[in-house]
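Me: Hi! Could you walk me through this one, starting with the terms?
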Amino acid sequence: MGMTTKRMTTKDGTRGRFRAAVSALLLLAAWTAGDAGAQQRFDEGRLAAPDGTVKITNPAGAVRVTGWSVDSVRVTGRLGEEVADVEFTTDERATYVRVVPREAWRDRPVGGTDLEVRVPRSSHVAVRTQEGAIEIRRVSGAVDLESATGDLRIHDDPRFVYARSVGGNVEITGVSKVMRASSVAGAVSVEHAAGYIELSTVSGPIRLSGRNLWEGRVQTVSGDIRFEGDFQEGGSFGFESNSGRIELVLSPHIRADFDVTAYAGRVETELAGATVSGRGGTGRPGTATGDPEHERVFSLNGGGARLNVRTFKGSIRIATRP
Amino acid sequence: MNANRSDHESVKARLDDLLDGQLSGRTRREVEGHLETCAACRAAVSTRRELLDEIAALPRSVEPSRELWPDIRSRLEEREARGRAGSLRALAAAATVALLAGAAALTLWLSGDGDPTEASRAAERGASAGEDPVALVTDWRSFEREYAGAAEELQETLDELGDQLSPETRRIVERNLDVIDAAIAESRAALEGDPANRELARALRSAWSSKVEMLQYVTRL
């Protein structure tokens with residue numbers, strides 16, 4: 001009984017090792033085939049107008065767009081097994097790059113197909129992703145980006161920026177004449193801003209720095225807002241939150257008129273180095289029409305840009321740089 | 001000094017009209033005369049003119065769809081009309097609306113249906129509700145109804161999307177809807193206790209606006 005058992009065990013062991021070896025080979029083959037699909041290389045180019053429009057849709061991964069000094073669009077990347085096709089077409093209106101997922105992969109979170117797209121530097125670029133990040137460099141035309149949860153990063157100086165994400169962060173470094181950026185829950189960060197700007201979040205924080213801002217608004221429900229910089233004389237800007245803290249750090253030489261209200265929060269000012277003049281109110285510097293802890297109307301250095309700062313129950317701090 | 005400042009403010013209020021070609025005769029000569037001596041106003045005119053030229057030069061492919069255009073155009077015209085009444089913000093606002101109209105069109109090509117939907121039109125109605133500062137206080141319940149109607153339609157559209165939104169996106173949206181609804185409830189409660197307070201009416205409108213804008217965006221994804 002014991003021998004039989006042993007012999008059977010040995011035989012079973014041999015069969016088992018054989019089966020295991022075959023399984024391993026099959027797995028290797030499957031893995032290799034799968035990897036070949038996952039790693040399939042895409043590299044194509046099309047002639048394009050130097051200031052044309054390029055529209056890119058990639059629901060399966062990230063997109064990086066870089067401007068170059070060649071009148072063509074070139075797309076490179078490794079396609080994941082979730083991708084059925086990459087449609088790369090042109091017509092008289094635009095160049096289109098569209099990643100098409102396989103039917104079985106539709107509406108599933110995928111992220112393995114990252115595209116690198118080179119476009120003529122003056123192109124207008126529109127990109128859509130689901131979860132993949134979008135990055136734009138050295139593009140000087142209009143830029144229009146949307147993603148569900150991907151981060152958006154824009155560098156250099158597109159003329160117009162429109163960037164929106166539900167859960168991703170939005171990061172813009174560069175000068176654009178008109179900019180509108182928002183995220184529902186992510187952070188919005190803009191450096192070196194100038195011109196017309198609209199930034200908004202629901203719960204994410206907003207950081208803005210820049211000089212010569214001349215028009216716009218920054219708005220959040222529960223996120224915090226921090227601004228550092230300067231405004232063009234004659235400009236007009238609004239900062240608004242429901243419960244988030246608002247902090248403005250300004251040049252002591254700024255010429256601006258402030259109208260500040262924190263309904264259930266507190267207003268705090270530290271304005272060293274600036275000449276402050278208030279209208280009405282208690283007579284304390286920087287106070288005016290109502291309770292200075294909640295409402296202040298004042299001018300710095302004779303006035304100039306009009307700044308409205310509002311919060312329902314957050315706090316407001318306005319300070320000059322040391 | 002005060003007289004100069006007064007002239008300056010008066011001219012600044014007419015720069016948009018100058019750019020629109022709305023000024024003639026003596027008024028135009030006055031504004032142009034001021035520009036010769038005021039570097040700040042010259043810079044303002046130059047910036048706005050440059051911006052409008054660039055917006056005009058955007059490719060036709062970013063023009064808004066026919067279905068969406070009437071709503072946007074009416075808002076644009078409304079803002080321009082207010083600008084002629086003296087607001088310095090008008091030109092920049094108009095320019096931005098033009099840009100955003102383009103952005104909306106770029107969004108439409110993605111969805112493929114090109115249909116702005118009734119909910120989207122309702123959102124446009126909500127967005128324009130309560131812009132009159134007097135009506136803002138006296139009739140805040142009316143503009144709240146507009147926004148609430150738009151939000152409800154958009155919420156239904158969102159529900160119909162089902163699995164088209166990833167679970168992560170849906171979680172983010174629901175969490176932030178809670179944040180906004182709390183802000184709406186607090187602002188409304190405060191306004192009911194102090195119904196003449198314009199700041200509270202603004203806070204309420206702003207929270208509703210955030211809700212409608214977020215839903216509008218998410219339902220387009």
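Reply: Happy to! Helices (H or I, at least four residues) and strands (E, at least two) are DSSP runs, numbered from the N terminus. This is a predicted model, where local features need pLDDT of at least 70, side-chain atom pairs count only at pLDDT 80 or more, and totals for chains, interfaces and linings use all residues. Residues are numbered from 1 along each chain as its sequence is written, while chains are lettered from A and ligands numbered from 1 in the order in which they are written.

Me: Where is A:Asn242 found?
Reply: A:Asn242 lies in the loop between strand 17 (225-241) and strand 18 (246-250) of chain A.

Me: Is A:Asn242 buried or exposed, and why?
Reply: A:Asn242 counts as buried because it has 28 C-beta neighbours inside 10 Å.

Me: And what does A:Asn242 touch?
Reply: Leaving out residues up to four places away in sequence, A:Asn242 touches A:Val221, A:Ser222, A:Phe312 and A:Lys313, plus B:Ala183, B:Ala203 and B:Ala207 of chain B. Contact here means C-beta atoms, placed from the backbone, within 7 Å.

Me: Switching to chain B: how do helix 10 and helix 11 cross?
Reply: The axes of helix 10 (residues 167-193) and helix 11 (residues 198-218) of chain B come within 8 Å and cross at roughly 160°. Axes are lines fitted to C-alpha atoms, for helices over the stretch in contact, with angles from 0 to 180 degrees between N-to-C directions. The two helices of chain B are therefore roughly antiparallel (over 145 degrees; under 35 is roughly parallel, 65 to 115 roughly perpendicular and the rest oblique).

Me: Which residues make that contact?
Reply: Among them are B:Ile180, B:Ala183 and B:Ile184 of helix 10 of chain B, and B:Ala203, B:Leu204 and B:Ala207 of helix 11 of chain B.

Me: Is helix 11 of chain B enclosed or open?
Reply: Largely enclosed by the rest of the structure, since 19 of the 21 residues of helix 11 of chain B are buried.

Me: Last one: what happens just after helix 9 of chain B?
Reply: B:Gly162 takes a positive phi of about 55° there. Within helix 9 of chain B, the buried residues include B:Trp140, B:Phe143 and B:Glu144.

Methods:
A residue is buried if 20 or more other C-beta atoms lie within 10 Å of its own, exposed if 12 or fewer, and partly exposed in between; C-beta atoms are placed from the backbone. Two residues are in contact if their C-beta atoms, placed from the backbone, lie within 7 Å.
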